[in-house]
Amino acid sequence: QRYDLRRDPDGSWTVFDVFTGQPADEWGAPAEHLDQPYAEHLAAMLNAEDLKRGVLRPRRDLH
């Protein structure tokens, strides 16, 4: 899974990209300072979208 959660020092949550370590930024704003239920939902949604993009991406090794 590409996205995971990180608890911030203030008790809020950040959804981050495990490959870059940076907060997810899908809509022009970093996914930081979120409450836990929202962060969990967002991470699940982003991981589902990432999986869908991977499945739909054409494979280059077929030709």
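Biologist: In this predicted model, does Asp50 count as buried or exposed, and at what relative accessibility?

Modeller: The model is a predicted one, and the cut-off for calling a residue buried is a relative accessible area under 20%. Asp50, which lies in helix α1, falls under that cut-off and therefore counts as buried, its relative accessibility being 19%.

Biologist: Which order of helix and strands does the chain follow when it is read along the sequence?

Modeller: The chain has one helix and two strands. The strands are β1, residues 3-7, and β2, residues 13-17, while the helix α1 covers 36-56. Read along the sequence, the pattern is β-β-α.

Biologist: Which residue in the hairpin of β1 and β2 takes a positive phi?

Modeller: Most residues other than glycine have a negative phi. The hairpin has five residues between its strands, and the one that takes a positive phi, near 95°, is a glycine, namely Gly11.

Biologist: Which residue has a positive phi although it is not a glycine?

Modeller: The residue in question lies in the loop between β2 and α1, and its phi is about 60°.

Biologist: How many residues apart in sequence are the parts that the salt bridge of Arg2 with Asp17 ties together?

Modeller: Arg2 forms a salt bridge with Asp17, and the closest N and O atoms are 2.7 Å apart. Because Arg2 lies in the segment before β1 and Asp17 in strand β2, the pair ties together parts whose separation in sequence is 15 residues.

Biologist: Of these two partners, is Asp17 buried or exposed?

Modeller: Arg2 counts as partly exposed, at 26% relative accessibility. Asp17 has a relative accessible area of 6%, and so it is buried.

Biologist: What is the separation in sequence of the parts that Arg2 and Asp50 tie together?

Modeller: Arg2 also forms a salt bridge with Asp50, in which the closest N and O atoms are 3.8 Å apart. Since Arg2 lies in the segment before β1 and Asp50 in helix α1, the parts tied together by this pair are separated in sequence by 48 residues.

Biologist: Which residues are linked in a network of salt bridges?

Modeller: The structure holds four salt bridges, and among them is one in which the side chains of Arg53 and Asp50 meet at 3.5 Å, N to O. Both of these residues lie in helix α1, three residues apart, which is about one turn of the helix, and Arg53 is partly exposed, with a relative accessible area of 37%. The residues linked in the network are Arg2, Asp17, Asp50 and Arg53.

Biologist: What percentage of the residues of the chain count as buried?

Modeller: For the chain as a whole, the accessible surface comes to about 4900 Å², of which 53% belongs to carbon and sulfur atoms. Of the 63 residues of the chain, the share that count as buried is 27%.

Methods:
Residues are numbered from 1 along each chain as its sequence is written. This is a predicted model: local features need pLDDT of at least 70, side-chain atom pairs count only at pLDDT 80 or more; totals for chains, interfaces and linings use all residues. Side-chain values use heavy atoms; hydrogens and water are left out. Two strands pair if DSSP finds at least two bridges between them. Helices (H or I, at least four residues) and strands (E, at least two) are DSSP runs, numbered from the N terminus. Buried means under 20% relative accessible area, exposed over 50%, partly exposed in between (1.4 Å probe, protein chains only). Accessible areas come from the Shrake-Rupley method with a 1.4 Å probe; for residues, only the protein chains shown count as cover.
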